[in-house]
Amino acid sequence: MIPLILIGPLSVSIITGLLALLISIMDKIVNNYGEVKLDINGGQKVLTVSGGSTLLSTLAEQKIFIPSACGGKGTCGTCKVTVTTDIGPHAATETPLLTGKEIKENVRLSCQVKVKKDLSIQIPEDLFAIRRFKTTVESIVDLTHDIKEVYLKLDDPPEVNFKAGQYAQFIIPPYGKIKESTQRAYSMNSTPQDKNRLGFLIRLVPGGIATTYVHTLLKTGDKLEVIAPVGQFRLHESGAIMLCIAGGSGMAPLHSIIFDLVNRGVTDRQVWYFFGARNKKELFYFERFQELEQKWSNFHFIAALSEPLPDDNWKGDVGLITDVLDSYLKDKIKPDFPKEGYLCGSPGMIDACIRVLKAHDVTDENIFYDKF
Amino acid sequence: MTPDINPIVLFFASVFTSNILLANFLGMCSFIAISKDFKSANGLGLAVIIVLLITSVLNWAVYHLILVPLNLEYLRFIVFIIVIAASVQILEMVIDRISPALYMTLGIFLPLITVNCAILGVVLLLQIRNYSFVQSAVFGLGSGIGWWIAIISLAAIRKKLEKAPIPAGLKGPGITFITIGLMAMAFMGFSGILSVQ
């Protein structure tokens with residue numbers, strides 16, 4: 001005999017259990033979308049996948065990596081994909097991260113769209129090349145008090161093809177108080193010719209999850225996974241004068257672009273690189289660029305210090321990078337020749353530089369930038 | 001003792017004279033929150049009808065076929081709530097499948113039906129009043145339809161109110177509460193016709 005007192009709990013458990021079973025069975029029936037077809041870029045690639053998950057994770061399972069800085073939480077708005085099949089109105093989680101034009105053009109956040117039926121989607125061609133790499137940390141070098149140069153050796157796959165200026169997503173594992181894996185984007189500092197490894201410049205951001213991890217925990221020999229290559233910032237093949245502007249770790253994509261030109265022997269283009277820093281302590285790769293200036297007559301390296309210390313014995317340009325850029329554009333750089341701006345840095349610095357470039361008739365479509 | 005009420009009378013009574021919202025004031029929060037938009041009000045109203053019908057029938061069966069024979073009437077709250085939660089969970093999955101658009105517009109209010117007091121209220125009323133199976137089904141359906149009529153009426157009125165010259169201090173919730181009060185008074189006009197206890 002069951003003790004009387006147990007009849008109540010047992011009955012409740014049995015009722016609850018039966019209802020839970022019913023829900024599970026319904027879930028199997030209702031959430032089973034079977035096999036669905038994903039048509040990418042109008043028949044360029046047709047995938048048969050099992051429905052029910054988000055578009056972002058479904059594509060990731062098929063080794064197509066849509067960039068996603070927040071890891072599918074619907075907060076960063078980078079995983080945009082055009083869905084041409086009608087899948088109903090945009091969700092309330094999507095609209096704040098899309099422009100009115102994008103909503104009209106059926107751009108969706110792939111992390112918020114569930115694959116429930118056959119879908120036709122449009123994604124940039126470049127995304128097909130994106131891979132997830134297993135890597136080993138080859139070297140970590142201090143360049144300044146808060147910038148480290150990090151090289152990752154590629155283990156699997158062992159080679160990468162990218163365009164100078166693109167970036168990679170670091171997958172930072174959970175550590176300490178951080179309970180979830182985090183993804184952060186860093187531009188490649190190494191050149192595309194260096195196929196077996198990727199180099200980065202990583203500045204310590206106080207409180208930053210990924211930069212703190214790289215600066216305090218990552219050691220040579222550690223394993224790290226990255227997703228690469230991503231991004232539209234790159235060299236545009238024209239004859240225009242290149243005006244490159246970046247300070248601090250923003251140098252990475254420009255370093256890659258400039259040395260890519262050197263490696264490929266494209267030395268007929270005029271390149272001006274403006275590097276802004278506060279004092280000499282924040283200057284790095286200085287000798288490397290000065291040497292390059294000697295070898296390559298069309299390359300000009302302008303380092304400007306805004307607050308040089310007395311000990312610096314600084315003989316170069318002094319002032320904010322915008323003022324230095326302005327004075328060079330007035331006096332030293334051929335005024336009537338077509339120019340392209342390549343900028344990398346904080347939004348404030350980029351906006352200020354764009355104003356200077358526009359004042360010197362460099363048009364919007366010739367200004368390329370990577371804000372971070 | 002099962003009260004001797006004709007199910008048809010009970011149906012009309014639960015829709016009009018003892019309207020769950022406007023006569024008993026149960027299920028107010030989603031009534032006010034979702035009535036801003038007619039389409040979602042209609043969707044939520046229909047969802048409430050289905051949940052009320054299902055949970056009335058299921059809970060009647062659970063109460064009379066399991067709890068009463070086992071002398072476990074005192075467990076009714078926990079059991080009723082579990083049955084309601086499971087029904088809502090299943091309904092949520094079905095709506096997501098059939099109409100993603102409705103699923104999106106209902107958003108958080110769909111799972112919130114679980115704790116909508118109109119639902120538990122109806123289930124407890126039919127247990128307290130000792131309704132028969134048919135009476136319970138009819139009372140559940142009628143209360144659901146009553147709730148639906150109340151929310152779409154309010155949604156329609158609020159649509160008109162958008163263009164009305166309302167004093168600044170009364171805009172939004174203020175005028176909505178006054179409107180609901182007037183609606184409740186209008187529904188009280190039905191009260192002499194049928195009386196159901």
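Let's start on the surface of chain A. Ile5(A), Leu6(A), Leu10(A), Ile14(A), Leu18(A), Leu21(A), Ile25(A) and Ile29(A) make up a nonpolar patch with about 800 Å² of accessible area together. A patch here takes residues with over 30% relative accessible area and no salt bridge; nonpolar side chains (Val, Leu, Ile, Met, Phe, Trp, Tyr) are joined within 5 Å, like charges within 9 Å. Areas come from the Shrake-Rupley method with a 1.4 Å probe, and for residues only the protein chains shown count as cover.

Before going on, the ground rules. This is a predicted model: local features need pLDDT of at least 70, side-chain atom pairs count only at pLDDT 80 or more, and totals for chains, interfaces and linings use all residues. Residues are numbered from 1 along each chain as its sequence is written, chains are lettered from A and ligands numbered from 1 in the order in which they are written, and side-chain values use heavy atoms, with hydrogens and water left out.

Leu10(A) sits in helix α1 (residues 7-30) of chain A. Helices (H or I, at least four residues) and strands (E, at least two) are DSSP runs, numbered from the N terminus. Leu10(A) counts as partly exposed, at 39% relative accessibility. The cut-offs: buried is under 20% relative accessible area, exposed is over 50%, and partly exposed is in between, with a 1.4 Å probe and protein chains only.

Now charge. Lys45(A), Lys63(A), Arg131(A) and Lys134(A) gather in a positive patch on the surface. Lys and Arg count as positive, Asp and Glu as negative; His and the chain ends are left out. Each charge is placed at NZ of Lys, CZ of Arg, CG of Asp or CD of Glu. Arg131(A) belongs to strand β6 (residues 131-142) of chain A. Arg131(A) is partly exposed, at 34% relative accessible area.

Next, salt bridges. The rule is a side-chain nitrogen of Lys or Arg within 4 Å of a carboxyl oxygen of Asp or Glu. How many does that give over all chains? The count is 18 salt bridges.

Take Lys80(A) and Glu102(A). Their side chains meet in a salt bridge at 3.3 Å, N to O. Lys80(A) is in strand β3 (residues 80-83) of chain A and Glu102(A) in helix α3 (residues 100-104) of chain A, so the pair ties together parts 22 residues apart in sequence. Buried or exposed? Glu102(A) is buried, at 17%. Lys80(A) is partly exposed, at 28%.

Then Glu237(A) and Arg264(A). This salt bridge is 3.4 Å, N to O. The pair links distant parts of the chain, 27 residues apart: Glu237(A) is in the loop between β11 (223-230) and β12 (241-246) of chain A, and Arg264(A) is in helix α5 (residues 251-264) of chain A. Glu237(A) is exposed, with a relative accessible area of 58%. Arg264(A) is partly exposed, at 39%.

Asp222(A) and Lys219(A) also pair up, at 3.9 Å, N to O. Lys219(A) is exposed, at 51%.

One network includes a residue of chain B. Salt bridges link Lys114(A), Lys116(A) and Asp96(B).

On to the backbone. Gly239(A) lies in the loop between β11 and β12 of chain A. Gly239(A) is exposed, at 53%.

Most residues other than glycine have a negative phi, and most peptide bonds are trans. Asp156(A) and Pro157(A) are joined by a cis peptide bond, omega about -10 degrees. Pro157(A) is in the loop between β7 (147-156) and β8 (167-172) of chain A. Another cis bond joins Ala228(A) and Pro229(A), with omega about -10 degrees. Pro229(A) is in strand β11 of chain A.

Which residues have positive phi? Asn106(A) is one, at about 65 degrees, and is not a glycine. Asn106(A) is in the loop between α3 and β4 (107-109) of chain A, and is partly exposed at 35%. Tyr285(A) has a positive phi near 60 degrees. Tyr285(A) is in the loop between β13 (271-277) and α6 (286-295) of chain A, and is buried at 9%.

Last, confidence. pLDDT is the predictor's confidence in each residue, from 0 to 100. Chain B averages 87, and 97% of the residues score at least 70. Within chain B, helix α8 (residues 133-161) is highest, at a mean of 93, and helix α5 (residues 100-106) lowest, at 74. Where pLDDT is low, the predicted coordinates should not be read in detail. For the complex, the predictor gives an ipTM of 0.77 and a pTM of 0.58.
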